[in-house]
Amino acid sequence: MKKLLSVMLASVVLLSACSTGGTKNETSNSGNSGAEGSSKPKEITVWAWDPAFNIAAMNVAKDAYAKVNPDVTVNVVENAQADIVQKLNTGLNSGSTKGLPNIVLIEDYRAQSFLQAYPDSFYELTDVVKAADFADYKIGPTSVDGKQYGVPFDSGVTGMYVRADYLEQAGYSLDALQDIDWKQYIEIGKAVKEKTGKSMLTLDPNDLGLIRVMIQSAGAWYTGDDGQTPTIESNPALKEALVMYKEMMDSGIVKVISDWSQFVGAFNGGEVASVPTGNWITPSIKAEASQSGKWAVAPLPKLGATEGSVHASNLGGSSWYVMNVDGKEAAAEFLSKTFASDAELYQTLNTKVGVIGTLKAAASGEAYSAADEFFKGQKVVSDFAAWTEQIPNVNYGMNTYAIEDIMVVAVQSYLGGKDVDTVLKDAQKQADTQIR
């Protein structure tokens with residue numbers, strides 16, 4: 001999972017498994033084809049990243065829509081997420097919409113940066129998207145002042161993937177993991193290490209994904225409710241998350257890694273007993289077929305000392321937006337009939353692509369209630385869908401990545417022996433200087 005800077009910067013890096021995707025030469029850049037009222041077939045251009053997930057999902061929706069609206073051509077153009085961010089910033093800063101797509105995928109963490117920085121550049125979808133139809137936590141990032149601009153897409157809902165066989169060797173059943181906090185998780189990890197020789201999890205000290213997961217589980221973020229004011233020094237959830245992070249590192253239960261391939265290699269190679277992360281990791285875990293029946297999924301541990309922390313959180317996720325360019329009505333209609341309302345489409349998206357959507361109606365579908373033999377017959381999609389409904393809604397604001405750049409340095413200082421209160425105080429001062 002790779003780091004990203006603030007959306008207002010032209011230079012960015014990439015975050016998370018669901019945020020990856022290579023670049024291809026664009027064969028169609030125009031967002032201006034197929035103007036409304038034209039007798040010619042309408043064309044919709046979509047920008048997205050990750051051919052195995054986001055683009056695959058859009059192609060499923062495209063094929064479904066073509067059966068009832070064959071006069072609309074949907075061109076899906078692959079870009080790396082970083083390239084999409086840079087192209088949008090460049091185009092919107094120039095004041096020209098030439099070359100922009102009709103529909104663009106934007107990560108939830110950075111959506112407010114675009115919506116607030118370029119308020120006239122996105123087409124309002126309030127009449128297209130019924131906010132109450134989607135998981136509550138997805139509405140905050142996709143709306144501004146009560147107006148809906150994004151169609152919520154995938155859930156970044158987290159869970160704790162566990163090697164049931166390792167846990168059993170250490171004397172723990174799955175039932176013992178249903179209501180634990182991170183301190184208890186660490187104690188279980190020590191037992192697993194002692195009995196099996198396996199690490200409990202991997203951590204990359206330069207990637208604070210687990211910190212995000214911990215604080216959102218308590219309804220907290222790096223900023224206050226306004227999404228703007230840095231809230232670091234006086235943030236109980238963030239302090240406890242850092243303390244738990246360091247305790248994990250100091251306890252000997254962590255296999256330290258530095259990149260995505262090491263992350264995947266550790267659990268595929270049987271080196272770790274758990275993977276607390278977003279549901280998008282499921283295909284990577286199932287890629288090692290020889291481990292079928294050895295894995296299960298338990299609820300996420302919660303923060304034990306922070307009031308209001310729950311066993312549900314989010315990591316990643318993105319949503320679809322319509323640019324305010326010619327063809328916007330056709331683009332909005334396409335999203336209205338697919339991602340914004342079609343519960344049956346989400347069943348196909350789950351079985352074909354592995355998408356767990358945030359449309360509430362999809363959760364009662366057949367695909368969501370199916371047992372998965374890889375996970376010992378557990379209905380893992382149903383569990384993830386239920387946890388999606390419990391994710392606390394926080395305001396990611398415009399500065400998640402700018403503040404997290406500060407926090408990466410702060411965490412390194414803390415791991416190096418600096419007092420946690422001093423670390424948080426220093427980070428607060430730096431954020432106040434850079435963000436306000």
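Analyst: Strand β6 and strand β12 (residues 318-322) run antiparallel and are joined by three bridges. Strands here are DSSP runs of E, at least two residues long, numbered from the N terminus, and two strands pair if DSSP finds at least two bridges between them. Within this pair, G150 sits opposite Y321 of β12.

User: What is the strand order in the open sheet?

Analyst: The five strands go β2-β1-β3-β12-β6, with mixed pairing. β2 (72-78) and β6 (150-152) are the edges, each with a single partner strand, so one side of each lacks a neighbour in the sheet.

User: Before I go on, what kind of model is this?

Analyst: It's a predicted model, where local features need pLDDT of at least 70, side-chain atom pairs count only at pLDDT 80 or more, and totals for chains, interfaces and linings use all residues. Numbering starts from 1 along each chain as its sequence is written, and side-chain values use heavy atoms, leaving out hydrogens and water.

User: At what angle do α8 and α14 pack?

Analyst: Angles run from 0 to 180 degrees between N-to-C directions, using axes fitted to C-alpha atoms, for helices over the stretch in contact. Helices are H or I runs of at least four residues. Helix α8 (residues 236-251) and helix α14 (residues 400-415) pack at about 50°, axes 10 Å apart. That makes α8 oblique to α14; under 35 degrees is roughly parallel, over 145 roughly antiparallel, 65 to 115 roughly perpendicular and the rest oblique.

User: Which residues of α8 and α14 meet?

Analyst: Contact means heavy atoms within 4.5 Å. From α8, L238, L242, V243, Y245, K246 and M249 meet M407, V411, Y414 and L415 in α14.
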